[in-house]
Amino acid sequence: MRNFLTLILCLVYAGAVAQIRLVPKAVLDSIANPRAVTSALVVGQSMVEFGRIAEADRVEQSVEIKNVGREPIAYRTTTSCRCLTATSGVIRGGESGRLTLSFAGKGFPGPFSHRVLVYVANQSYPTAVLSVKGYVVADSDRTGDYPYTCGALLIRQRGVKIESNTTERIACMNGSGRAVTVTKDSLLSAANIEVYTEPRTLQTGQQGDLVITLRGQKRENVKLYVEGQYAPSKREIIIE
C-alpha cells in the first residue's frame with residue numbers, strides 16, 4: 001500500500017510539473033536588456049542624468065541624433081513610465097536633430113530609473129536604448145494626494161470594494177491640527193466591520209493607511225462611519 005501511495009504522489013507531481021510553463025532565460029534577458037538593431041540613425045549617448053528634481057517640476061533634456069544615411073528616417077519612441085515622454089520625428093539624410101525627453105515628477109518621489117526605446121520605421125526591435133536616471137525630491141505638502149475627506153482624515157479614495165472575511169486599505173493623512181486615533185461609529189456602522197489606522201495614532205500631517213476589515217459574511221448595505229463630530233455624510237466610507 002505504501003508503494004502504491006508513493007506511485008500516486010509521483011504521478012500527481014509529474015502532472016503538475018508538466019503544466020508549469022518555464023519562461024526561457026533568453027526571453028527574460030530580452031525583457032531586461034532589449035536587443036537593439038543597427039540602422040543609419042545614431043543616438044549620441046546612452047545615458048541621460050536628470051539629477052535632483054522638485055516633485056512639482058517638469059524638466060527636459062535632449063540628446064543629439066543623426067541620420068548617417070542618405071534617405072530620410074522616421075523614428076518613434078516608447079518609454080517605461082508615463083512620467084517620461086520622448087519626441088518622435090523624421091531626420092533627413094546626413095542631418096542631425098535633437099531627441100527631447102520630458103520628465104514630470106509629480107507622484108513619483110524618490111530615485112527613478114527608466115528607459116527610452118528608439119525605433120526606426122516599423123522595426124520590432126529598437127535601434128537605441130536610453131537609460132534615464134535621477135531623483136525626485138518630495139513636496140512637503142502632500143494634501144493634493146488625498147482628494148477626499150472623512151472626518152479629520154484626508155483619504156485617497158471615498159470607498160472600497162470588500163468581500164467576506166477580507167481586509168482592505170485606503171491611503172490616508174491626518175488633515176487636522178491635532179493627533180487622531182480612528183474608531184468606527186458603532187451606532188451607524190455594521191457590527192461586523194472594523195476600522196483603524198496604521199499607525200494607530202496619526203500626528204498632524206502624518207500619512208498612513210486606513211485599515212478596513214469585514215468579519216464574517218458580507219450582507220447588503222454594509223455601512224461604515226468613522227467616529228467624530230462631523231455630519232454622518234462627511235464620515236462615511238462607502239463599502240461596495
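## The strand pairing at Leu 41

In this predicted model, Leu 41 has Asn 67 of strand β3 as its bridge partner. The two strands β1 and β3 run antiparallel and are joined by three bridges.

This pairing belongs to an open sheet of four strands, whose order is β1-β3-β7-β5 and whose pairing is antiparallel. Strands β1 (41-43) and β5 (84-86) form the edges of the sheet, each of them pairing on one side only. On average, and with direction ignored, neighbouring strands of this sheet are turned by 30 degrees against each other.

Ala 56 is located in the loop that lies between β2 and β3 (58-67). The relative accessibility of Ala 56 is 60%, and this residue therefore counts as exposed. Although 48 residues separate Ala 56 from Ala 104 in sequence, the C-alpha atoms of Ala 56 and Ala 104 are 7.7 Å apart in space.

## Aromatic pairs

Searching the whole structure gives three aromatic pairs. One of them joins Phe 50 and Phe 112, with ring centres 6.5 Å apart and planes at 55 degrees, so that this pair is classed as tilted. Because Phe 50 lies in strand β2 (residues 47-54) while Phe 112 lies in strand β8 (residues 110-120), the pair ties together parts of the chain that are 62 residues apart in sequence. Phe 50 and Phe 112 are both buried.

Phe 112 also forms an aromatic pair with Phe 103, and this pair is stacked, with a distance of 4.1 Å from centre to centre and an angle of 15 degrees between the planes. Phe 103 is buried, as is Phe 112. Taken together, Phe 50, Phe 103 and Phe 112 make up one aromatic cluster.

## Arginines over tyrosine rings

Two contacts between an arginine and a tyrosine ring can be described beside the aromatic pairs. In one, Arg 76 lies over the face of Tyr 119, at a distance of 4.3 Å from the ring centre. In the other, the ring of Tyr 196 has the charged end of Arg 200 sitting over it, 3.8 Å from the centre of that ring.

## Cysteines

The structure contains one disulfide, which is formed by Cys 81 and Cys 83, with 2.5 Å between their sulfur atoms. Since the cut-off for a disulfide is a sulfur distance within 2.5 Å, the value given for Cys 81 and Cys 83 stands at that limit. The torsion about the S-S bond of Cys 81 and Cys 83 is about 130 degrees, and the disulfide is therefore right-handed. Both Cys 81 and Cys 83 are buried.

Cys 150, by contrast, takes part in no disulfide, and the nearest cysteine sulfur to that of Cys 150 belongs to Cys 172, at 9.4 Å.

Key:
Residues numbered from 1 in each chain as written. Predicted model: local features only at pLDDT ≥ 70, side-chain atom pairs only at ≥ 80, totals over all residues. Heavy atoms only, no water. Buried < 20%, exposed > 50% of the residue type's maximum accessible area, 1.4 Å probe, protein only. Phe/Tyr/Trp six-rings, centres within 6.5 Å; stacked < 30°, edge-to-face > 60°. Lys NZ or Arg CZ within 6 Å of the ring centre and 35° of its normal. Pairing = 2+ DSSP bridges. Axes fitted to C-alpha atoms, helices over the stretch in contact; angles between N-to-C directions.
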